[in-house]
Amino acid sequence: MNSRLLLLYGRRKTGKTFYVRERAEYARYFIVTKSRRLIDITTREEIREQEFRRLLPYLLRQGERIVLDEFHRLSDKTFSLLQGLSGLGSLILITSTMHYFRSIVGKNSPILGLFELKNVSLVDPRDAIVFSNSLGFKGREMLEVACLVRESWIVPKLERVKGDIFNSLDEELRIYVPHLVGEVFEEEDIAFTSRYSGILEAVADGRNSTSEISSYLFSLGLIEKDNPGLISQYLKNLVETGLLVSRLVFGKRRKAFKYRHASPLIDLAFYMPSLNQMLERVRERFLRARLPTYMEWFFEELLEKHFGMQPVKIAKPELEVDIALADFKKIKVVGEVKWKENVGERDIRNTEEKLGKFRDDRRIMIVPEKDVLKREPRGIEVWDWRDFIKVDASLKSFKSSEYS
């Protein structure tokens, strides 16, 4: 937060506003409404954009740090003014839309190159572990809670129900997630068509390639041909808005990607829409059944950040592993996640055989606790919750206010 000119961007409800309000020092904080009026959150004063343009030079000349939240709603005249005043004062801009972000910082933009850019996506898995641990969670539960609280909006609920969070997500899955997704598309100025909804359902159902998603949409009559080219822009938009994650398929001549949901909670809401008509205990059972998959995603992103490498999916079925990290077009780290109460001889042998094909790479097996293993696997590191606490030791200065 030391940058004089900073632009924060990312999907709605990822904690951008609270991050700035809790961690940054500023003199004035303005929220821009859809009608292009600006509200000062301290004084609750509402002013018109024209009045703000007269006020802004004065504030910046005083050396004050100003925050403009949802600044993309302002007009071109104000953007040009920001360019002209770039040598004065300090400014933080916040936006929840990638659609406008691309045009604002793109070619011919009046503020191109002036601001340091910071993408605020889901909470860093390492921060989530430290936060979960700070609430008193230990062992398997600590990591499972960390997986969920990457969606920072779930934290107030967690702090109320503590360890019962997995039995308490009825309203969030049934009402909040659909509303959140709708808000994302509204901010992006993209109509939330049945095609987008169909893609999100297809991906939640395990269809993670463009051909599989295309076939699914065609079977529902949502596209006129079973042609992956018809959905490429839709997939690109979903990735850029932060709803989907794409992973490069490693080992193919033509560039190809596999897709999954970025958020476990959004994935679950689209996994089976009819869950919205079911009892809460049924939804809780589905969440528990999906947890091993969500923990794979969690550890993939954690190791990606820890090692500073690119997560990829391996093209050859005989080499498919839960986690593969590449550096300079070479696989360097591979991992298998065994999120079970007991990991028996068969699981251990299969992991040894699978990871043994990567002789020159770092091989990691992730389990909730090391004592769930019947025996220690040969030639493979075993990591459990204690190891992840050690990995994140440098984050002990983390403040839970980031989750406010």
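At what angle do the axes of helix 5 (residues 125-134) and helix 6 (residues 139-148) cross, and within what distance do they come? The axes come within 8 Å and cross at roughly 125°. Axes here are lines fitted to C-alpha atoms, for helices over the stretch in contact, and angles run from 0 to 180 degrees between N-to-C directions.

This is a predicted model, in which local features need pLDDT of at least 70, side-chain atom pairs count only at pLDDT 80 or more, and totals for chains, interfaces and linings use all residues. Residues are numbered from 1 along each chain as its sequence is written, and side-chain values use heavy atoms, with hydrogens and water left out. Helices (H or I, at least four residues) and strands (E, at least two) are DSSP runs, numbered from the N terminus.

**Helix packing**

Two packed helices are described by the angle between their axes and the distance between the axes.

| Helix pair | Angle | Axis distance |
|---|---|---|
| Helix 2 (residues 49-61) and helix 3 (residues 76-84) | about 5° | 10 Å apart |
| Helix 5 (residues 125-134) and helix 6 (residues 139-148) | roughly 125° | within 8 Å |

Helix 2 and helix 3 are therefore roughly parallel to each other. Angles under 35 degrees count as roughly parallel, over 145 as roughly antiparallel, 65 to 115 as roughly perpendicular and the rest as oblique. On helix 2, the contact (heavy atoms within 4.5 Å) is made by E49, F52, R53, L56 and P57, and on helix 3 by K77, T78, L81 and L82. These residues comprise five nonpolar, one polar and three charged. Ala, Val, Leu, Ile, Met, Phe, Trp, Tyr, Cys and Pro count as nonpolar, Asp, Glu, Lys and Arg as charged, and the others, Gly among them, as polar.

Helix 5 and helix 6, by their angle, are therefore oblique to each other. In this pair, A128, I129, S132 and N133 of helix 5 meet E141, M142, L143, V145 and A146 of helix 6. By class, six of the residues in this contact are nonpolar, two polar and one charged.

**Strand pairing**

Strands pair if DSSP finds at least two bridges between them. Strand 2 (residues 28-32) runs antiparallel to strand 3, joined by three bridges, and I31 stands opposite I39 in strand 3. The two strands form a hairpin with four residues between them, and R36 in the turn has a positive phi of about 65°.

Strand 3 is also joined by three bridges to strand 4 (residues 46-48), again antiparallel. In strand 4, E46 is the bridge partner of I39. This hairpin has five residues between strand 3 and strand 4, with R44 in the turn at a positive phi of about 65°.
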